[in-house]
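Subject: Structure handover

Hello,

Here is the structure we discussed. My notes on it follow below.

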Amino acid sequence: MIVEKRLCTCCFACINKCPKQCIHMEEDKNGCIYPVIDESKCIHCNLCKKVCPSIHETNFSYPKKCYAMYGKDENLIEKSTSGGVATILSNYILKKNGVVYGAAFQNKEEGLVNHIRIDRKKDLQKLQGSKYVHSYIGKTFQSVKKDLENDKLVLFVGTPCQIAGLQNFLEKSYENLYTIDLICHGVPSQKYLQEEIANLTDKKVDQISFRSKDGYVLRLYENDNLILQVGQKDSIYYYGFLQSLFCRENCYHCLYAKPERCSDITIGDFWGLDKNSDIFKKSKKGISVVLPITKKGENIIQQCIDCFEYEERMPEEAIKGNTQLRSPSVKPRNYDKLAKIYHKGGMIKLKKKIFSRRDLKEKIKKNKIIYYIYKSTKRK
Ligand SMILES: Cc1cc2nc3c(=O)[nH]c(=O)nc-3n(C[C@H](O)[C@H](O)[C@H](O)COP(=O)(O)OP(=O)(O)OC[C@H]3O[C@@H](n4cnc5c(N)ncnc54)[C@H](O)[C@@H]3O)c2cc1C
């Protein structure tokens, strides 16, 4: 074992570093993957431990500034999840002949969602939009290193644990590398998502949208045609994601859910933004919170500033409004009970259990007299 299970973020740094390629991933009962060493090939060089961000200290800094932002170009950011900041900064890097790494839905043998490298604007839409699931890094850290050493401008977007993994793997800082971390409340395993898709359709899904400007709606596509859509209220996957029921174990002990950050720029949704602010009144779609952490981060934002509607705010406003900038997600109280149901009967049983209870509660709530009796028996 490289690091104890409750801390392993599965950032793939160990796999990328291993000189003997003797580390592979294995799934646990929840479909979460963990690195396993083939002892017969291991030469005990300990490089896997040396690059593990859960073992070694990461450099964190408090945000220098804070912006509420969204992209002006509605066409460009149409498919983005919040203000399209990741897409606009990626576009800037591509224009400078650089390369961008980010998460794309692929439905391949390696995984449903994987980190990929793009170097053309026409591929930008593959990265656009949050994929609310664990994205597999694969061997992309090795590819990033090659690009950096070939003097390419590189932008890497990921969860903070992925950024920490990349930094540890690289072992030194590069002037031509920009990193953006997403504020993250935890990643579900790909197995949950695979099961959800299989339960919804038997068609070959080749694109998913998790969230659009109309809210949290899971949309499945085949050859660009919408097969079906499920709102968060009817999707057990979405329920589990939003209630932090499907997080990897390490997400409940996340080392990165705090105001101090490890990348050049942190982005997320601007929860808690003052409703009386001019930008809130002006925006019809999502507003991103953008926290420049390093000078380099602030510089690239300034290079693209004309592409944004923005307002400078205080970092403390964002930290107060966004739980994930203060502390990790909390494991639901009934986690063990629900996990047992899932292990026995999969997503279908879990959905039945959770949604029938919820629907009953709603029915009771609608009938005021029964609700009053229900509440008073609960008090006793
Ligand atoms: C699993 C997850 C949980 C999140 N939880 C929160 C939260 O609790 N609070 C909050 O404020 N914001 C959260 N976010 C961030 C938020 O949903 C938006 O991704 C963020 O605001 C960027 O929006 P955008 O419009 O600038 O990005 P877009 O222009 O839509 O681009 C999306 C970028 O995110 C990257 N990306 C997408 N999915 C993943 C993934 N699974 N892993 C790594 N990188 C990915 C893409 O590569 C792309 O660069 C979460 C995102 C993810 C993926």
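Which residues of strand 3 are buried on one side, and which on the other? Cys66, Ala68 and Tyr70 lie on one side and Tyr67, Met69 and Gly71 on the other, with all of them buried. Buried means that 20 or more other C-beta atoms, placed from the backbone, lie within 10 Å of the residue's own. Strands (E, at least two residues) and helices (H or I, at least four) are DSSP runs numbered from the N terminus.

Two points on provenance. The model is predicted, and local features need pLDDT of at least 70, side-chain atom pairs count only at pLDDT 80 or more, while totals for chains, interfaces and linings use all residues. Residues are numbered from 1 along each chain as its sequence is written.

Sheet

Strand 3 spans residues 66-71. It belongs to an open sheet of 8 strands with mixed pairing, in the order 5-4-6-7-11-12-3-13; two strands pair if DSSP finds at least two bridges between them. The edges are strand 5 (113-118) and strand 13 (308-313), each of which pairs on one side only. From one strand to the next the twist averages 25°, where axes are lines fitted to C-alpha atoms and angles run from 0 to 180 degrees between N-to-C directions.

Strand 3 runs antiparallel to strand 13, with 6 bridges between them; Ala68 has Glu311 as its bridge partner there. Strand 3 also pairs with strand 12 (residues 288-292), again in the antiparallel sense, over 3 bridges, and Met69 has Ser288 as its partner in that strand. Strands 4 and 5 are antiparallel too and are joined by 6 bridges.

Ligand

The ligand is surrounded by 34 residues, and the closest are Ser80, Gly102, Ala103, His185 and Gly268; a residue counts if its C-beta atom, placed from the backbone, lies within 6 Å of the molecule. Helix 4 (85-95), strand 4 (99-105), strand 6 (154-158) and strand 11 (265-269) each give two or more residues to this shell. Gly102 also has a bridge partner in strand 5, Ile116.

Domains

An automatic or database domain assignment divides the chain into domain 1 (66-325) and domain 2 (335-379). Their centres, taken over C-alpha atoms, are 33 Å apart. The contact takes 7 residues from domain 1 and 8 residues from domain 2, contact being C-beta atoms, placed from the backbone, within 7 Å. On the domain 1 side, helix 8 (190-200) and helix 9 (236-242) each supply at least two residues, and helix 8 has the largest share, 4 residues.

Regards

Notes:
Two residues are in contact if their C-beta atoms, placed from the backbone, lie within 7 Å. A residue is buried if 20 or more other C-beta atoms lie within 10 Å of its own, exposed if 12 or fewer, and partly exposed in between; C-beta atoms are placed from the backbone.
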